[in-house]
Amino acid sequence: MEITFLGTGVAIPQKNRVQSGMLVRLEEKPLLIDCGSGVLSHFPEAGISHTEVDTVLLSHLHLDHVADLHPLIKANWLRGSTSMKIYGPEGTEEWFLKVLEAYEYLQEEVDVDVIELVPGKEFTPEGFDCEISCAAATHSVTALAYRVTGEDGEFVYSGDTEPSREIMDLAAEADLLIHECSFPPSMKVTNHTTPNSLAGILKEYNNGIGSICLTHFYPEMRGHEREAVNYLQGYFEEEVILAEDLMKLEL
Ligand SMILES: [Zn+2]
Ligand SMILES: [Zn+2]
């Protein structure tokens, strides 16, 4: 299993980080998780054909995680691929259709299936050999964290969240936890994570996670990345990695 970070940034524009998204290469075909602005334009640089993607998981519906989804569907249609399966939290279908409604010419042309998930749901997306389960994230809107189990390993993606027991339980014994870390150490925030808040939960719940990769960085994090890793290494013995746009991780 190969994970390519297509975007490791947030809603605020910044150099070298577009909004959120990652592509998981499984045996069968790629799975896209989140699709914020800039993700689609990173496909060529990542060496991926957008038409290969017909399945997308959304952590939540904030624009920095979904803004390029309709553009991806349009790009695929222009190249003759019209079917798409979208998995996301409650409200995904209403959001998707409302945006699609503004583009009448596209509505008739594409065949999109939206599957809404609730925390605790376990499923295998059609055409894949992996298992996916989800847990509630702690964010300002309904949001899900996902665990993806493939043949060679498993990882958890937190999406946007404060650190939580639900997500640490979901990540038990996983090879990799991809956790958001929006802000630098010592900042007081809600709905998001800092190295301090993540360390706080790791102290109680270090449940066999293989390594941690931090992503979803606000501009405030710039210049504090190493500090964040060093801080977390005080509470976590295994490797802590900083995600970069177009970085690949192999499981
Ligand atoms: Zn976000
Ligand atoms: Zn968000």
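The points below go through the metal sites of this predicted model.

1. Let's start with the zinc ion (ligand 1). Its donors are Asp64 (OD), His65 (NE2), Asp160 (OD) and His216 (NE2), at 2.1 to 2.2 Å. Along the chain these donors follow the spacing D-H-x94-D-x55-H.

2. On geometry, the 4 donor atoms of the zinc ion (ligand 1) subtend angles of 91 to 160°, so the arrangement is irregular. A tetrahedral label would need all angles between 85 and 135 degrees. Asp64 lies in helix 2 (residues 63-66), while Asp160 sits in the loop between strand 10 (154-157) and helix 6 (165-170), so this pair ties together parts 96 residues apart in sequence.

3. Next comes the zinc ion (ligand 2). His60 (NE2), His62 (ND1), His139 (NE2) and Asp160 (OD) are its protein donors, lying 2.1 to 2.3 Å from the ion. Angles of 92 to 167° between the 4 donor atoms make this arrangement irregular as well. The sequence spacing reads H-x1-H-x76-H-x20-D.

4. Which residue bridges the zinc ion (ligand 1) and the zinc ion (ligand 2)? Asp160 does, and the ions lie 3.5 Å apart. Asp160 also pairs with His62, which is in the loop between strand 4 (55-57) and helix 2, and the two residues are 98 residues apart.

5. Finally, a look at accessibility. Asp160 is buried, at 2% relative accessibility, and Asp64 is buried too, with a relative accessible area of 8%. His62, at 26%, counts as partly exposed.

Terms used:
Residues numbered from 1 in each chain as written. Chains lettered and ligands numbered in written order. Predicted model: local features only at pLDDT ≥ 70, side-chain atom pairs only at ≥ 80, totals over all residues. Heavy atoms only, no water. Donors = N, O, S within 2.8 Å, 3.2 Å for Na, K, Ca; no water. Tetrahedral: all angles 85-135°; square planar, octahedral: opposite > 155°, others 65-115°. Helix = DSSP H or I, 4+ residues; strand = E, 2+ residues; numbered from the N terminus. Buried < 20%, exposed > 50% of the residue type's maximum accessible area, 1.4 Å probe, protein only.
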